[in-house]
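This report describes a protein chain through its strands, charged pairs and aromatic rings. The sequence and structure are shown first, and the description follows.

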Amino acid sequence: MSSQKHTIVIVGYGGMGSYHTQLIEENGRLEVAGTFDLLEERRSASVKAGYTAYTSYEEVLADPKVETILIATPNDVHKEIAIAAFRAGKHVICEKPVALSSDEFNEMLEEAEAAGRIMMVHQNRRWDEDFRIIKEMYEHNTIGPLFQLESRVHGANGIPGDWRHVKAQGGGMLLDWGVHLLDQLLFMIDSKVTSVSSSLSFILGNEVDDGFEALLQFENGIKAVVEVGTTNFITLPRWYVKGTEGTGIIEDWSLTGRIVTRNQESERREPTPIRAGVGLTKTMAPPSEGATITDVLPTAVELSSSFYTNFADVIEGSAEPIVKNAEVMRVLKLIEAIFAAAETNQTIKDFDVY
Ligand code: NAD
């Protein structure tokens, strides 16, 4: 392990760029060498927060003490900023979505390879505890083998900000939240996606999607529903998962939730029919007393290290990246399939990377 701290310049000192300063500072092996933003007001904010504000990107690239460029700009300029960084011999950490298309990401990877520099994408939601609880349930069959997962994020604030409304800048919810939810699923489920169907919503009248629903079928039989909405005044649970022996629910990021499983000890008894609406049902009646057990959610297992510790290890050559570029590419190809499925209103089955 090197005794000198690794230096990072944050390009794009907006919402996420300023948050990255905290994440970097929490890590003792890395330091923020400065920031660069196109806007004077953001450069002043950087100085006020105690960080050198470079006045041009060329100045950043020409500074030999800068080892890594962290890209936290709108999505349409990630590629050009990354390629210039590689040509100047810098490593790159890039915010998600890394690029607007798999072709763009390919170009970035070719430049990283030619320069012999590291490219890592900040798919930070692999570290989210709600996701890690689901991963634990998936890997240890806590409610039996999972056969259906529903992963949702719902808000009622519409699309925030400015560039997120603009198609050419990589706006829209599929590229914004979709990339996180899909990355989580593909990171967890070790199986090919065999088909995708989807629909995008344009309720707010923007040129980009303000939400979407996608249905993914995996080769191992698992089905996943992924949904993002920005006009949901009542939210559905963050996770609803079904296993052969039970059901799990996580309401939100405060990790309110439970699992309900079949009580193996209880003798199987028919439920008592109930009146439901104007009808009668046994099928939809609650399970008979003692037939199920309600339990707390399992404990999530930590990933082997934090994103930034892993990055430091990777540039020092002592670890493999937790977020692998091949995985990022797979997610981009899946997003392209989801866009195509929505545009053509067809189920897409031909994936070239699965
Ligand atoms: P933002 O609009 O708050 O900030 C972007 C900043 O980049 C602005 O200050 C803008 O002036 C600056 N900028 C634009 N073009 C530039 C250029 N060519 N050179 C230098 N600066 C430039 O946006 P944000 O919400 O911080 O999002 C930035 C990136 O972070 C996006 O890719 C977004 O998807 C990602 N993001 C990731 C997460 C996450 O949890 N991983 C959360 C939010 C945003």
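## Annotated domain

According to the UniProt annotation "domain: GFO/IDH/MocA-like oxidoreductase", taken from an unreviewed entry, the domain covers residues 131–247. The model discussed here is predicted. In this model the span of residues 131–247 is 22% helix and 34% strand, and its end C-alpha atoms lie 16 Å apart.

An open sheet is formed by 5 strands in the order 2-1-3-4-5, with parallel pairing. Strand 2 (30–36) and strand 5 (119–122) are the edge strands, each pairing on one side only. From one strand to the next, the twist averages 25 degrees.

Strand 4 and strand 5 run parallel and are joined by 4 bridges. Within this part of the sheet, Glu95 has His122 of strand 5 as its bridge partner. Helix 1 (residues 15–25) lies across strand 1 (6–11), strand 2, strand 3 (68–71), strand 4 and strand 5. The direction of helix 1 is at about 165 degrees to strand 1.

## Antiparallel strands

Strand 11 (residues 246–250) pairs with strand 12 (residues 257–262) in the antiparallel sense, over 5 bridges. In this pairing, Ile249 stands opposite Arg258 of strand 12. The two strands form a hairpin with 6 residues between them, and Leu255 in the turn has a positive phi of about 70 degrees.

Strand 12 is also joined to strand 15 (residues 292–295) by 4 bridges, and these strands run antiparallel. Here Thr261 stands opposite Ile293 of strand 15.

## Salt bridges

Side chains of opposite charge can pair when their charged atoms come close. The structure has 18 salt bridges. In one of them, Asp176 pairs with Lys96, and the closest N and O atoms are 2.9 Å apart. This pair links distant parts of the chain, 80 residues apart: Asp176 belongs to helix 7 (residues 173–188), and Lys96 to the loop between strand 4 (91–95) and helix 5 (102–115). Are these two partners buried or exposed? Asp176 counts as buried because its relative accessibility is 10%, under the 20% limit. Lys96 likewise counts as buried, at 10% relative accessibility.

Another salt bridge brings together the side chains of Asp130 and Arg238, at 3.5 Å from N to O. Asp130 lies in helix 6 (residues 129–140) and Arg238 in the loop between strand 9 (223–229) and strand 10 (239–243), so the pair ties together parts that are 108 residues apart in sequence. Asp130 counts as buried at 1% relative accessibility, and Arg238 counts as buried at 3%. Salt bridges that share partners also join Arg29, Asp313 and Glu316 into one network. In a further salt bridge, the side chains of Arg125 and Asp128 meet at 2.7 Å, N to O. Arg125 is partly exposed, with a relative accessible area of 21%, whereas Asp128 counts as buried at 16% relative accessibility.

## Aromatic pairs

The structure holds 6 aromatic pairs. One of them is the stacked pair of Phe36 and Tyr57, with 6.5 Å centre to centre and 15 degrees between the planes. Phe36 in strand 2 and Tyr57 in helix 3 (residues 57–62) are 21 residues apart, and the pair links distant parts of the chain. Phe36 counts as buried at 8% relative accessibility, and Tyr57 is buried with a relative accessible area of 12%.

Phe131 and Phe187 form a tilted pair, with 6.3 Å centre to centre and 40 degrees between the planes. This pair links distant parts of the chain, with Phe131 in helix 6 and Phe187 in helix 7, 56 residues apart. Phe131 is buried with a relative accessible area of 0%, while Phe187 is partly exposed at 22%. Elsewhere, ring pairs link Trp127, Phe307 and Tyr308 into a cluster.

## Surroundings of Met188

Met188 lies in helix 7 and counts as buried at 4% relative accessibility. Which residues does Met188 touch, not counting residues up to four places away in sequence? Its contacts are Phe131, Ile134, Lys135, Tyr138 and Leu149. Asn157 is 31 residues from Met188 along the chain, and the C-alpha atoms of the two are separated by 30 Å.

Key
Residues are numbered from 1 along each chain as its sequence is written. Side-chain values use heavy atoms; hydrogens and water are left out. A salt bridge is a side-chain nitrogen of Lys or Arg within 4 Å of a carboxyl oxygen of Asp or Glu. Buried means under 20% relative accessible area, exposed over 50%, partly exposed in between (1.4 Å probe, protein chains only). Two strands pair if DSSP finds at least two bridges between them. Axes are lines fitted to C-alpha atoms, for helices over the stretch in contact, and angles run from 0 to 180 degrees between N-to-C directions. Contact means heavy atoms within 4.5 Å. UniProt positions are given in the numbering used here, feature names are shortened, and annotations may be inferred rather than shown by experiment. Rings of Phe, Tyr and Trp (its six-membered ring) pair if their centres lie within 6.5 Å; planes under 30 degrees apart count as stacked, over 60 as edge-to-face and the rest as tilted.
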